[in-house]
Amino acid sequence: MRTLRLLTALLLSAGPSAAAVGRVAPVGVTARLNPTPLVAGSAGLSLTGSLRATPAFVPDAAALGGVSLLSAGAPDRRTPLLPASLLAAPAPAPLLPAGGAAGVAADAPASKPQPLVFHSIKDFAAHILAGRGQEAADRIYSGARAREEAPGVVAPDGRPSIPVGVREVEVHSVRGPPDIARWIPSGSNSDGLREALRASLQRMLPFDIFVYRDALGGSFAAVDLSKNPANADRHPELAPHESAAIKKIQLWTKDLQVLVREEGKTPDLVVGGVVTELKSFHPQGDLLTTLTAANEQVSKHAQRHGLGLGAVVVDMMHRDAVPVELVRAKLAEFTAQTRSVAVARVYVFAGSELKAFSRGADGVFRLDEATRPFGRVEGRRDAPTREVHRVQLLTKAGRLEGARSRLAQLEHQADAGVDTRLTEAREQLDAERVFRKISKMVSHGRDREAYAVWDRFRLSHSAALVHQVADKVRAALKITLVPDSVAQARVPDSAVVVREITEPARRLREKGVRATVTVYGSARIKTPEAAAAALAEAQAAAGAYPRDAAAAKRVDAAKRDLAMSKYYLLAQRFGALVARKGLGLVAVVTGGGPGIMEAANKGAFAAGGPSVGYNIILEHEQSANAHITPGLEFEFENFATRKIALRHGAMALTYFPGGFGTMDELFEVLTLMQTKKMPRVPIVLMGEKEYWDQVLDFDEFARLGLISPGDLSLFAFAEDEHQAWAAIEKGVAAGR
């Protein structure tokens, strides 16, 4: 695999080839990894497919930087090298025909491995370098029959419907926090969701993540709600009005996934295999504007992934019935003025009513009374499904022997490794048996043995199943479960700890830095420009929906952010002043992130002084700001060593308004100085004293006798950058 990754890296870095003549059309490539090494430490790779060029191309070793690909079928022969023009990414495909108006039934789960098919060499290389394919999905459903089946038909065994244009969908059961980072891609619009899902994991389990592989070599992800419909209220990115609308959809279908936002416009849901945009409509709003915006969301996403037509769900809030004539008139106006209509159905909720409007071959939307909403066609349970259901009922009733006997018969008749229904029934039976065993042990005073049984169950079953029975087991044990935290705690790498303590100071000395001034503050404080733009956007949204309390709250929050942006400017001016006064010998040091840290780095960097960033490596791939002197950016694995580096050798420590992190740093330093575990240096609290008195009443600490009055001299206040520098000079001159 290492050799394969080196090969693909060379493919990506290859320059333009003079051997290729004309533009080369997209190429279908099938990649297979030969399990028999051709030479020691290498892996065989074969690429097959059809190449079409206009007018022609001549393969040459220079086309890919002299890299040749060995055929797995004939290791002694060299396959023709591909021109570098094939590395171009494919252009977005148009929407598929109207036959894709609704989702289609998924094929059976793959029973044997299939070769991976990529649209271009670039997609293949990116796939290998990203490390995909090393961990298989829990279930894979093929979309190959997408255009051959009637739309909206769902298999009776509960397999998901697949949007038209999707090659296959991978279903990954979430078992722990690493699965969130593994299957939800990182991006500016998805990193917040990844972090929030990890924080909400325990109350959301069990649930799946769907990864849709499109025919263009791309993919998109979604959080499934079908296994645990209650997550409509727990999904961290769903607003209350969105959750309310989703719960209305769930009355008709459970086959529903919440899409992960991408860099471009992204719809909200996949419902019954149809990519669907969700809109909440207020009486004061314009339905035509709502439909146009929804169509754009669906259209952009469909073009990006080569998908079929989608749908729109409009929840008419504060209405008891659907105004059919109004909706019909607005739909006619919408189709008349929209150049490319990307939706085939529009669903409208109002009160307890649901009306579906379908677009006909003539392009006109009509009220569709006959169509079952959301493309669902329910089928009767087949015989195996009925038998599995009986096993589950016997388990719930406590008739475990009968359930085990029936399950054994079913497993003998079917391939239990593929049939997920049997797997779920078996897990439920195991969980019930363990719970009853633990209850019996506790009733006989055998608590220690009960803990041992529970520990073995936790190690041998999925986190989702453990979460399902944890409350019952906790109640049976009658005490709080004690985690094995001592054994599970990771021991820090001593070499890393030592390096992160000693390396920053060594590199600063090499760069001629004699002293540092550290700036702490919130990462959330925005620039005045960004804050003003956010306020204008919030006010526009509130104007469209004047009765929306959430919109009014967003306006208030945006006004607060604009008022707080003055501290961004203050930090920027302070960084510039330190750079000028320090004459290149004093560096401004921050945590390297956004907000106040970015502002201080920006001021120092623009003024020509040393600008240092101590960045922390996090799962959501936090990156340093762009205003750090080259060679003075550090990345830490441990928060503890980063704290030491931030204050080590500092001639002063300055604190701007911030949250828990800033307050943590402030009180730790005050404690170290109060206990004389750290030399006293000037501590300056930046901003109005009224602000600090409001968030931290230091005088009250002294009045209550929690600190001595002399401890109040450990810090000073400064309302602008000049007062701050004067306090620093005074403190340094006094030898503090």
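Two strands count as paired here if DSSP finds at least two bridges between them. Helices (H or I, at least four residues) and strands (E, at least two) are DSSP runs, numbered from the N terminus. With that settled, here are my notes.

1. **What you are looking at.** This is a predicted model, in which local features need pLDDT of at least 70, side-chain atom pairs count only at pLDDT 80 or more, and totals for chains, interfaces and linings use all residues. Residues are numbered from 1 along each chain as its sequence is written, and side-chain values use heavy atoms, with hydrogens and water left out.

2. **Confidence.** pLDDT is the predictor's confidence in each residue, from 0 to 100. The protein has a mean pLDDT of 77, and 72% of its residues reach 70 or more. Over residues 144–157 pLDDT stays under 50, and the model has 31 contacts (heavy atoms within 4.5 Å) beyond four places in sequence for them. Residues 376–381 also stay under 50, with 14 contacts beyond four places in sequence. Where pLDDT is low, the predicted coordinates should not be read in detail.

3. **The overall picture.** The secondary structure comes to 24 helices and 23 strands. Of the 736 residues in the protein, 46% are buried, where buried means under 20% relative accessible area, exposed over 50% and partly exposed in between (1.4 Å probe, protein chains only). Taking contacts between residues at least 6 apart in sequence, 70% join residues at least 24 apart. The protein exposes about 36,600 Å², and carbon and sulfur atoms supply 55% of that; accessible areas come from the Shrake-Rupley method with a 1.4 Å probe, and for residues only the protein chains shown count as cover.

4. **The parallel sheet.** Seven strands form an open sheet in the order S20-S19-S18-S17-S21-S22-S23, with parallel pairing. S20 and strand S23 (716–718) are the edge strands, each pairing on one side only. Neighbouring strands of this sheet are turned by 25 degrees against each other on average, direction ignored. Axes are lines fitted to C-alpha atoms, for helices over the stretch in contact, and angles run from 0 to 180 degrees between N-to-C directions.

5. **Pairings to check in the viewer.** Strand S17 (residues 515–520) and S21 pair in the parallel sense over five bridges, and Thr516 stands opposite Ala650 in S21. Strand S19 (residues 611–616) is joined to S20 in the parallel sense by four bridges, with Tyr614 opposite Phe634 in S20. Phe634 and Phe636 make up the covered face of strand S20 (residues 633–636), while Glu633 and Glu635 are on the uncovered one.

6. Helix H18 (residues 566–582) lies across S17, strand S18 (586–590), S21 and strand S22 (683–686), and runs at about 155 degrees to S18. Helix H20 (residues 639–647) lies across S17, S18, S19, S20 and S21, at about 165 degrees to S19.

7. **Thr654.** This residue sits in strand S21 (residues 650–655). Is Thr654 buried or exposed? Thr654 is buried, with a relative accessible area of 0%. Leaving out residues up to four places away in sequence, Thr654 touches Val517, Thr518, Val519, Tyr520, Phe574, Val684, Met686 and Ile728.

8. **The mixed sheet.** Another open sheet has 11 strands in the order S6-S7-S8-S9-S10-S11-S12-S13-S14-S15-S16, with mixed pairing. Strand S6 (139–142) and strand S16 (365–367) stand at the edges with a single partner strand each, so one side of each is left without a neighbour in the sheet. From one strand to the next, the twist averages 30 degrees. Within this sheet, strand S13 (residues 310–316) and strand S14 (residues 343–350) run parallel and are joined by six bridges; Gly310 stands opposite Val343 in S14. Helix H6 (residues 240–249) lies across strand S10 (256–259), strand S11 (269–271), strand S12 (274–281), S13 and S14, running at about 125 degrees to S12.

9. **Helix H4.** In H4 (residues 191–199), Asp191, Leu193, Arg194, Leu197 and Arg198 are buried. They cover an arc of only 160 degrees around the axis (taken from the directions from the helix axis to the C-beta atoms), which puts them on the same side of H4. Their cover includes helix H3 (177–183), helix H5 (201–204) and strand S9 (219–224).

10. **Lys300.** Lys300 lies in helix H7 (residues 287–305) and counts as partly exposed, at 40% relative accessibility. The C-alpha atoms of Lys300 and Pro267 are separated by 9.0 Å, with the two residues 33 apart along the chain.
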